[in-house]
Amino acid sequence: MDNSGCRRRQRLVLFPIPFQGHINPMLQLANILHSNGFSITIIHTNFNSAYTSNYPHFTFRPILDNDPKVNNLSKLGSRGAGDILSGVVLLNQYGEESLRQELDQMLMASKQEQEPIVCLITDALWYFTQSVADSLKLPRIVLRTSSLLCFLVFASVPFLDDQGYFKQVNSLFDEEIIDSDLKNIILASDKNKFKKTGSVKSVKDLEERVLEIPVLKVKDISKMKIKGQTDPSAKILAKMVTQTKASSGIIWNSFKELEEPELEKIHKEFPIPSFLIGPFHKYFPASFSSLLEPDRSFITWLDEQAPNSVLYISFGSASQMEKQDFMEVANGLANSKQKFLWVMREGFVKGSEWVEGLPDGFLDLVGERGRIVKWAPQQEVLAHRSTGGFWTHSGWNSTLESICEGVPMICSPFWGDQPLNARFVSDVLKVGVYLENGWEREEIAGTIRRVMVEEESEDIRERAMCLKEKVNVSLMKGGSSYESLGSLVGYISSL
Ligand SMILES: O=c1ccn([C@@H]2O[C@H](COP(=O)(O)OP(=O)(O)O[C@H]3O[C@H](CO)[C@@H](O)[C@H](O)[C@H]3O)[C@@H](O)[C@H]2O)c(=O)[nH]1
């Protein structure tokens, strides 16, 4: 859609969270809005800054670049959930003054340039920005980079905690010592024993559905790795939810047909305008917002493979794996005898720089059957005719990118929204299989074969292709995302 017609030019200020899974959708949104006639300014931190030269049509303004507390972030890197959490807290804590000054200057300049700044669009996790926007009388619209389902669950954390969904696991084991997957297994097998000894008053069956959110199983709640409403990450989520409610609207990287029941709930619980205009990445050819340089050396090899024969493996930009789990993954992959393209970021395996933790002889064993790279042009790989499956950590961008290409998924979530996305993909959409019992080589090999070659794979692929078609329809004239984008453009123009 291009509504850039003869409307008076208005400027929008966008402010992404500086992590890959958040930068990509914000820059994609910026491109969508730019092509609909708005001028764009991107506020960014120098930590994990996007490649500004790839966006000559935007104005970039760094903030917080001289603040030593924030500059420490570059030392943290972005190797895991802990880093992201620390980064989000720190930036929310120290960003206020710097953002206010920057916006103040921009607002004054925009009056002289006769190009009014009409609103601020920030990632939902930038909860501190609502009070800054209010103080400057600038409307703030929120971009939520994950699913509606995930937002509803995050908003329900205190309620779910009161219902005992978090306590049952945390009261038994020390999170630092025992991994939550292991807790689940122990709890599932020893539930009766704990009941008898009275260690826990009521242990919910981890395989049961959550009464209040039946899409989920009880164990999905603990897999988010939040310890309950007093957990630091739950406090961040609570602030995000409150400040989203106080905003002028929410833009979602999702589409109506994907999450219709969730949209009804969002309308009830968040009575502000909601715009489902996704999937964002479908509006333009693959974007240039990657923080890492994609390796393209394998493309010739991929071109030579049979249709749907290669399993693409990537666990996103921030997850990390224990060494023993990594061994199970590698052995499972080798035992599956399937072709694969595996993205292994530097530092992905805890305690290793890169691939040195692979089992002895792995590379010789798989030979021409597999390729390992540090970073790939993911959207291009998923769209390639040889790619037949995607083993993913179930980050929301990866999930949408797979849905858009009709590629069946194997879901191995690590934390946060990922277990919710995995459950949604496997149990609701039925376009993937959830590897939900942890990392075990035989189960891994069997699941890969289920999704890639066994009879069941045909049904999964057929459903995935149907869903791909729904995405295409939603983006066409008259489709839900197309219409919603029109409403968003009208809404912003009227602010
Ligand atoms: O080799 C690779 C691997 C990934 N990507 C891209 O990187 C992005 C990864 O995003 P996502 O799949 O959402 O994963 P994370 O980077 O882990 O994203 C974070 O942000 C997401 C959106 O809020 C959440 O859903 C995730 O749980 C959270 O970890 C996608 O656009 C991929 O196309 C590449 O371009 N090349």
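The questions and answers below concern a predicted model of a protein.

Visitor: What share of the residues of the protein count as buried?

Guide: A residue counts as buried when its relative accessible area is under 20%. The protein has 495 residues, and its secondary structure comes to 21 helices and 15 strands. Of these 495 residues, the share that counts as buried is 57%.

Visitor: Is V343 buried or exposed?

Guide: V343 is found in strand β11, which covers residues 339–343. Because buried means under 20% relative accessible area, and V343 has a relative accessible area of 6%, V343 is buried.

Visitor: How far apart in space are V343 and W375, C-alpha to C-alpha?

Guide: Leaving aside residues up to four places away in sequence, V343 touches several residues, including Y312, V373 and W375. Although V343 and W375 are 32 residues apart in sequence, their C-alpha atoms are separated in space by 5.6 Å.

Visitor: Which elements give two or more residues to the lining of the second largest pocket?

Guide: The second largest pocket has a volume of about 250 Å³, and 15 residues line it, with L152, S156, E212, I213 and K265 nearest its centre. The elements that give two or more residues to this lining are α6 (148–155), α7 (157–162), β7 (213–217) and α12 (260–269).

Key: Residues are numbered from 1 along each chain as its sequence is written. This is a predicted model: local features need pLDDT of at least 70, side-chain atom pairs count only at pLDDT 80 or more; totals for chains, interfaces and linings use all residues. Side-chain values use heavy atoms; hydrogens and water are left out. Helices (H or I, at least four residues) and strands (E, at least two) are DSSP runs, numbered from the N terminus. Buried means under 20% relative accessible area, exposed over 50%, partly exposed in between (1.4 Å probe, protein chains only). On a 1 Å grid over the protein atoms alone, a cavity is a set of points where a 1.4 Å probe fits but cannot get out, and a pocket is an open set with protein on both sides within 12 Å along at least five of seven lines; lining residues have an atom within 4 Å of a point. Grid points are joined across faces, edges and corners, and a volume is the space filled by probe spheres set on the points. Contact means heavy atoms within 4.5 Å.
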